[in-house]
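User: Hi! I am new to reading protein structures. Could you walk me through this one?
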Amino acid sequence: GLPPPEFKIEDAFVVTIRRKKDSAFEKVGGQIGGQIGGQIGGQIGETQLKIFNLIVENQHISRKSIAKTLTINESAIQKHLERLKQLGFLIRIGGTRGYWEIKKNEND
């Protein structure tokens, strides 16, 4: 029931696969949604919410993977991640091979 994928050749070969509307980024699932959902909604923008949801789905996701998924350059992703860290929603544990720790409340 989904539209067919789109294939483009520009600077690189790009395949776009559409998901059901709102299925990927409109939720901040489970327990985290209950604890953070209200806090996060008023403090961050749509792109930051998308980044946060990608991290909820995969805490080992890289900045490069986030950039590819959202088709935004890595430097912009870094700025959004810095904002999420500044607000206390995320902490980076380790370096390049590290992972994201999601802060569930102010006491974590």
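Predicted model: local features only at pLDDT ≥ 70, side-chain atom pairs only at ≥ 80, totals over all residues.

User: Let's start with the strands. How many bridges join β1 to β2?

Analyst: Strand β1 covers residues 6-9 and strand β2 covers residues 13-16, and four bridges join them. The two strands run antiparallel. A hairpin of three residues links β1 to β2. As an example of a pair, I9 has F13 in β2 as its bridge partner.

User: Now the helices. At what angle do α2 and α3 pack?

Analyst: The general idea is that two packed helices are described by the angle between their axes and the distance between the axes. Here, helix α2 (residues 46-57) and helix α3 (residues 63-70) pack at about 125°, and their axes are 11 Å apart. Angles of 65 to 115 degrees count as roughly perpendicular and those over 145 as roughly antiparallel, so α2 and α3 are oblique to each other. The crossing of α2 past α3 is right-handed.

User: Which residues of α2 meet α3?

Analyst: From α2 come K50, I51, L54 and I55, and they meet I66, T69 and L70 in α3. By class, this contact of α2 with α3 has five nonpolar residues, one polar and one charged.

User: Are α2 and α4 oblique or roughly perpendicular to each other?

Analyst: Helix α4 spans residues 74-86 and packs with α2 at about 80°, with the axes 10 Å apart. Therefore α2 and α4 are roughly perpendicular to each other. On the α2 side, the contact is made by T47, Q48, I51, F52 and I55, while α4 brings I77, H80, L81, R83 and L84. The residues in this contact of α2 with α4 divide into six nonpolar, three polar and one charged.

User: Where does T71 lie?

Analyst: T71 is in the loop between α3 and α4. Its phi is positive, about 50°, although T71 is not a glycine.

User: Is T71 buried or exposed?

Analyst: Here we look at relative accessibility, where exposed means over 50%. T71 has 70%, so it counts as exposed.

User: And what percentage of the residues in the protein chain is buried?

Analyst: Of the 108 residues in the protein chain, 24% are buried.

How values were computed:
Residues numbered from 1 in each chain as written. Heavy atoms only, no water. Axes fitted to C-alpha atoms, helices over the stretch in contact; angles between N-to-C directions. Parallel < 35°, antiparallel > 145°, perpendicular 65-115°, else oblique. Left-handed = near helix turned anticlockwise from the far one by under 90°. Contact = heavy atoms within 4.5 Å. Nonpolar A, V, L, I, M, F, W, Y, C, P; charged D, E, K, R; others polar. Buried < 20%, exposed > 50% of the residue type's maximum accessible area, 1.4 Å probe, protein only. Pairing = 2+ DSSP bridges.
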